[in-house]
Amino acid sequence: MVTLVEREEQLREIHATLVDLREGKGGVALIDGPSATGKTTVLHHSSAQAAKSGAILLTAMCSRAERTLPFGVVRQLFRHPDVPAEAGRRADALLDAAAAASLPRDEHTDALGAPLLHAFEKLSRILFDLAAQRPLVVEIDDLQHADTPSWHCLLHLVRRLATSRVAMLLTDDPAVEASCLPFRTELNRQPRVRHVRLEPLSRDGVAQLVRTRLGAEQEPRLIAEFHAASGGNPLLLEAMIDDRLRPGGVPGRHYGLALLSCLHRGEPLMLRVSRALAVLGQDAEPAGVGRLADTGADDVRQTVRAMEAAGLLDGGRLRHEWARTALLADLPAANRRELHHRAALLLHELARPAHRIAPHLVEADRAGEPWAIAALLAAASQATGEDRTAAAVAFLALAHRECADPGQRTAILARLVQAQWQSDPATAARHLPELLRDVRARSASSRDRAMLIRQLLWNGMTEEATTVLEELRLSTHGRGGEELRSLRDLELWLRATHAPLARLLHPPASPAGLRPGGAVPDQHTWLESTGLLSDRIARGQCRSGVEQADRMLRELRLTPDDIWAEESALLALLTLVCADQSGKAAAHGERLAAEAETRRAPTWQAVFAAARADIALRQGRLADAAELAETALDRLAPRSWGVAVGFPLGVLILARSRMGQYEEVTTLLAQPVPDAMFQSRYSLPYLFARGHHHLATNHHHAALADFLCCGELMRNWGLDVVGLAAWRTGAADAWFRLGNQDQAKQLLHDQLARPGIDGTSTRAVALRLLATTCQPGRRLQLLTEALELTEATLDRFEQARVLADLSRASHALGQSRRARLLIRQALHIADLCGAKPLSRDLLSVAGGGDTLVPLSGGSDGIRDLSESERRVASLAVMGHTNREIAGRLYITPSTVEQHLTRVYRKLNVKRRKDLPADLWTASSSAG
């Protein structure tokens, strides 16, 4: 029921008619206005008031379906329960006789003939006799749908109301062209007729109704939204409020039902025009709408004006997407497809852009016209550039299905696979067998073959990829130019990622992917940059490629139609982390992740989340690493990750192992992984992580097997380079725990002799492990170097372990105070990392048997220290004497003492041992 708002004046007019009725003066209140503006509500409200005052109420409801039923409306009146049975029988007999008589052909004449006039007079007399007992109110709703004979009879009655106690309350919609327009005109000319006009609610009226139903605290913004979507139409407004009061289910359900109810009650043309508007959307023009609605442009304009007056349209457009959804859902599927097909034909004739035509072809599920394939492909290109992957996939899928040219079908299918890759590689994989057949049957480009090979390998289809690869090698044998360069770049990528398939190649003579001058490759050369980065990684030359990788990542923008752009970005990040430039890698990873999020590309979101997880793990941010790895596995299910699942899964396993969440890791290790993963680089982080989990849970033989397997793969593939997976340090740790110190030392010496080891976190780990075999003096020297390396590479987890070993070495040298400071600092960093097992070990027993307690203090006040004060204070926290600090910083002991005095004052402490532990961490982060 529509709430009565802004209807006070109209109710007063109707009330005046009822007051006249009580004084013996009959009359008519004609309530009209646009569709669904509350006419029926006002009618029923007024009739109810009349009935309460003692009047007899006779009602009738007109229907378009009963327009051809003679006297159908009048019969409803006389069959009302308040009409005595005898009077009802007499009225039926009179109406039967009148129905048998013929009406005049000219509806403008009053010459009805004596039989009809005689029947009308007797029918009026029956009503007047009823009114003699008590006032009589005749209520008729939707008069525009009344049958013509009833119109004649009602007009006859209206002319005789002046001295009767009969009032008529009628509703009419002048926008609906009734079959009895002359009688409507005659009715409005009668002196006892009051005209009551209803309009849509104003903005203030909308606000009043919204606040009445939803509460007085509603914001102006919400009221503006309600007014814009409803146009002040009470029926739509009430429906919107219902949608808000009863959330859930289909959005805008009540709104859509209200709109359909309104349109179905109106003229059929109004519904047809509305459907045409819903289909055409922003391309709706009167002529085009008329063609879809099977009418003329003038009729469309008239209908649109009527709907705008009712608040159903705004500027000739539907007011809300809910309206479009409801109108299209109300159509049978076949009719809806036909309308969209006609819309596509229309827009093509009008030379509209392809992106306007293609959605209609998809909705029509057909593209048989000669121009349709070209329109779909052009629209797919635009959708891809705008990151509307779902639309691009829909356009390409239809184009592929409808295209008759075999060569073009193959090219379209390749584009379809690439587009679907952005959303879900597993979905794209369903097309790979067909694409494989098409590529092998036809001379596809090297670029398409390279893309297919990567897709096949990602999904573990190694045999199929090998077949395409061999055919590509044969087709380029003896050739040069672009084809040969593409094959060379592909081989270089294979060497770093799927090494068993690669052929050994000489490095490119003049790589164009990352030129010495620093130019970032054009979009069509991402495969070339992928090859160059892969070559650097495989040769262990990541440190020399940091500047170029950093520059490329700063300027790189992801390209939806080229999978090699994303691969280049991942390899550039890998180059940085292998060179222990995790700080730079983290900054680039965040930017790439933000771009992937903005462009709504689930695959990009997943792979860059995994890359960021790996960076966080290498920095000792275990909780961040686990969260990002889980995000990566949530964005893409493990089956969609294919063989690359070892990357995020390995990071997650190692992070959770270091956090002490062993049960969770057991569950992760129980997940099946593709066999083909162990023929790719993605197996290395998985094996490395599994080995460390076995170490943490005291399964030393299993750990050793994993590390040695990892090493065997890396050596066989020619990928035994620093930064990928430090299998030697893991195996050495396992050998130590198994009691074989000689094997462990041999592996550590081998590791320290590897090219590119200097300045890396891998060297720090090797030095820490090797220090356990040395005398205290030499041990302290090795651990000090390891500590400097962990600070430089930002590896907090390894830093905590080095500090713990430094504490033991200091204690062995009799430096008990320094040992306590070091292990307390180790505990602090371990807690920051979230490494609970390591924290428990550090809390157990100190080197001399003293129970350890965490360092107190925090970072409050540290930001107020100058850079020189912070350096001095950090070295003091590490346990260095004033003279040692002076020697390291090249200042005098007196200057050190002055700095410390200022530090004590700023931090509100009295002595060196009260300095907060965060000074060490802050100093490490800054340095």
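These legends accompany several views of a predicted model of one protein chain.

**Figure 1. The whole chain, for orientation.** Let's start with the overall picture before zooming in. The protein chain contains 47 helices and 7 strands. Its C-alpha atoms fill a box of roughly 130 × 80 × 45 Å along the principal axes. The radius of gyration is 42 Å, whereas a compact globule of 927 residues would have one near 30 Å. Of the 927 residues, 56% are buried. Among contacts with a separation of 6 or more, 68% join residues 24 or more positions apart. The accessible surface comes to about 39,100 Å², and carbon and sulfur atoms hold 50% of that surface.

Figure 2. The protein chain averages a pLDDT of 88, and 92% of the residues score at least 70. Over residues 506-524, however, the pLDDT is below 50, although this stretch has 33 contacts in the model beyond near neighbours in sequence. Residues 845-858 also have a pLDDT below 50, with 25 contacts beyond near neighbours in sequence.

**Figure 3. Helix 24 and its buried face.** Helix 24 covers residues 462-476. Which residues of helix 24 are buried? They are Ala465, Val468, Leu469, Leu472, Arg473 and Thr476. Seen down the axis of helix 24, these buried residues fall within an arc of 140 degrees, so they line one face of the helix. On the face turned away from the buried side, look for the exposed residues Glu463 and Leu474. The cover over the buried residues of helix 24 includes helix 22 (432-441), helix 23 (446-458) and helix 25 (481-497).

**Figure 4. Helix 46 and the residue that follows it.** Helix 46 runs over residues 893-907. Its 15 residues reach 21 Å from the first C-alpha to the last, close to the 21 Å expected at 1.5 Å a residue. Asparagine 908 follows helix 46 and has a positive phi, near 60 degrees.

**Figure 5. Helix 44, a mostly covered helix.** How many residues of helix 44 (residues 867-877) are buried? The count is 8 of its 11 residues, so helix 44 is mostly covered. The buried residues in helix 44 are Glu869, Arg870, Val872, Ala873, Ser874, Leu875, Ala876 and Val877.

**Figure 6. Two loop residues with positive phi.** Most residues other than glycine have a negative phi, which is the background for this view. Alanine 36 is not a glycine, yet its phi is positive, about 60 degrees. The loop that holds alanine 36 lies between strand 1 (27-32) and helix 2 (39-52). Aspartate 294 likewise has a positive phi, near 60 degrees, and it sits in the loop between helix 13 (286-293) and helix 14 (297-309). Is aspartate 294 buried or exposed? At 58% relative accessibility, it counts as exposed.

**Figure 7. Proline 638 and its contacts.** Proline 638 lies in helix 32 (residues 638-641). With a relative accessible area of 39%, proline 638 is partly exposed. Leaving out residues up to four places away in sequence, proline 638 touches Leu633, Val645 and Gln671. Alanine 426 is 212 residues from proline 638 along the chain, and their C-alpha atoms are separated by 9.5 Å.

**Figure 8. Arginine 253 and a separation in space.** Arginine 253 belongs to helix 11 (residues 253-265). Its relative accessible area is 47%, and arginine 253 is therefore partly exposed. Arginine 253 and threonine 163 are 90 residues apart in sequence, and from C-alpha to C-alpha they are 50 Å apart in space.

How values were computed:
Residues numbered from 1 in each chain as written. Predicted model: local features only at pLDDT ≥ 70, side-chain atom pairs only at ≥ 80, totals over all residues. Heavy atoms only, no water. Helix = DSSP H or I, 4+ residues; strand = E, 2+ residues; numbered from the N terminus. Expected span 1.5 Å × (residues − 1). Buried < 20%, exposed > 50% of the residue type's maximum accessible area, 1.4 Å probe, protein only. Arc of directions from axis to C-beta. Contact = heavy atoms within 4.5 Å. Rg over C-alpha atoms; globule rule 2.2 N^0.38 Å. Areas by Shrake-Rupley, 256 points an atom, 1.4 Å probe, with all protein chains shown as cover. pLDDT = per-residue confidence, 0-100.
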